[in-house]
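Subject: A structure for you to look through

Dear colleague,

Please open it first and then read my notes.

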Amino acid sequence: MVASRLGKGRVRAGRAALLLRMRAVADGFSRIWRLLLILNQASLGVTIKMALLKYKTVLFTVRTVTCRTCGCLQQVQHSLKTYLHDTRFPDSHAPKNQSLLKLAKYSTCCGRTERYLSAVASSIYRKEQQRPLSRFDFLDMEDIEEIITKAEKSRYFRRFILNPELANLIVECLDGDLSENNALIFECNPGPGVLTRALLNGGAQRVVALESDKQFLPALQSLERRLHGQLEVVHCDFFKLDPIGRGSVRPPAMLSEKLFNDLGIAPAAWTEDIPIRVIGILPQKNERNVLWKHIYALFERISVFQLGRIEMNVLMSEKEYTKLTAEAGNLKHYQALSALYQVACEIQLLHKEPWSSFATNSKNGGCAIPRSSLTNDHLCLVRLTPRKDLFNQTFTAANSSTLVLMLKQCLTKRKAKLIDRLESWCPGSGVKLLTQVGLSEDILTGEVRPEEYKELFEAMEHSQDFSQSWLYDEVLENISSTLSHI
């Protein structure tokens, strides 16, 4: 009996001690919260790292930021994220791939800065007494959490731009003031629409959002209804335009002619200004095949390039950018695709951004960086602008496929002599052609610059000795085998 009573007494004492500890913890949180409110009233930016609540970690943030426009103070207070304590996320560490943690450096604006609008849109806004979206409007965390949830549920592997600061940076890299450029903007797979808002806030007169995932369409269409014609949303995958094969074409695949007709876009002459600027992230799975598909379309002026000189502003892997810009003489990385793009386009590197800046829906929660022997630490924002003087009386869209095949054959073996390749095409013409274009007889195929290949091709076109009939038999077969993998 005595032992039983002593045991019950110890249990009661233990419960009492536990209650005292819990009250102490509760009082501690209460004091922290009161201190937070006091500091907030004093206009001081303070961040509480985390508060442990049984099975969850709650991240609180209270910040005071300065408006970029007028310098006034803007106070922001919100709960960033709640993390479950499970085996993937140890209590002492937050998840490694936290898109939300990158949002802590967002900037805000008091709302006095308004994006540039067309005259029509501005008059509508004045009439309806609506304020246009500010370029630095702060997205509250509820919206961001919903966006991230949708991104994680995306069916196919994709990268997303969820940080408004990154979106604004990309817009600034594209153009200081989009309102001064009348080109139509095609945004490829905008997803949650963070970059879409940045483009519109940056002054874009008309944005066409081509989204392949149905789950993002309702939110984008809701934004479309608010913007009175400056945004058009289409269920379409830009990188799957004009699929090869017979049969009906179903979204997100689409024929470019249908897309242009639905949008009311008329073709422009090749020498005119840029009619359309394409912005997007190249799909990682078939990045190189997409580049091949578009260079074929550019040289033959089909698909989107039938409208004119379409400017591509794409985020591609650093390894592909390195190969694309490799110079003649770099026998390891200088390839046919490098020469073709350098012949056809002005290539400009606008920005390099680490892979970790982009959210993914990877199952393992990582950045899913493709392996490569080359340096591949960034996604590169690259502008590909077709040259105005690409085509002339000798080099046309009709015979451009012959140049493509010629470069592929020459640069397959970059350590071979160019004269041997020319002699295999037309015996006895090699020395004459090399002399005509000013090249040495000992030059290797991997040492010939892209513009010299084009000059050589034009010389071959004018040569009476050169016969190219055999090339045409292989051109279509070569193109089909390449595009069949896309």
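Below I describe what was found, going from one region to the next.

Please keep in mind from the start that this is a predicted model.

I would begin with strand 9, which covers residues 311-317 and is mostly covered, with seven of its seven residues buried. Strand 9 pairs with strand 8 (residues 276-281) in the parallel sense, over five bridges, and within this part of the structure Val 278 stands opposite Met 312 of strand 9. To get from strand 8 to strand 9 the chain passes through helix 8, and this β-α-β crossover is right-handed. Strand 9 is also joined to strand 12 (residues 378-386), this time by six bridges and in the antiparallel sense, and here Asn 313 stands opposite Arg 383 in strand 12.

Helix 8 itself, residues 287-300, has 14 residues and reaches 20 Å from its first C-alpha to its last, which is close to the 20 Å expected at 1.5 Å a residue. Helix 8 is mostly covered, since 11 of its 14 residues are buried; among them are Glu 287, Lys 293 and His 294, as well as Val 290, Leu 291 and Trp 292. Just after helix 8 comes Arg 301, which takes a positive phi of about 55 degrees.

Two further residues with a positive phi lie in loops. Asn 189, which is not a glycine, has a positive phi of about 50 degrees, and its place is in the loop between strand 5 (184-188) and helix 5 (194-201). His 228, likewise a residue other than glycine, has a phi near 55 degrees and sits in the loop between helix 6 (217-226) and strand 7. His 228 counts as partly exposed because its relative accessibility is 30%, a value that falls between the cut-offs of 20% for buried and 50% for exposed.

In the loop between strand 7 (231-235) and helix 7 (256-263) you will find Pro 252, and a cis peptide bond, with omega of about 15 degrees, joins Pro 251 and Pro 252.

Finally, please look at Thr 402, which is in helix 11 (residues 400-410). Thr 402 has a relative accessibility of 1%, and therefore counts as buried. Although Thr 402 and Phe 457 are 55 residues apart along the chain, their C-alpha atoms are separated by 8.8 Å.

With best wishes

Notes. Residues are numbered from 1 along each chain as its sequence is written. This is a predicted model: local features need pLDDT of at least 70, side-chain atom pairs count only at pLDDT 80 or more; totals for chains, interfaces and linings use all residues. Side-chain values use heavy atoms; hydrogens and water are left out. Helices (H or I, at least four residues) and strands (E, at least two) are DSSP runs, numbered from the N terminus. The expected span of a helix is 1.5 Å times one less than its number of residues. Buried means under 20% relative accessible area, exposed over 50%, partly exposed in between (1.4 Å probe, protein chains only). Two strands pair if DSSP finds at least two bridges between them. A crossover is right-handed if, with the strands pointing away from the viewer, the path from the first strand over the helix to the second runs clockwise.
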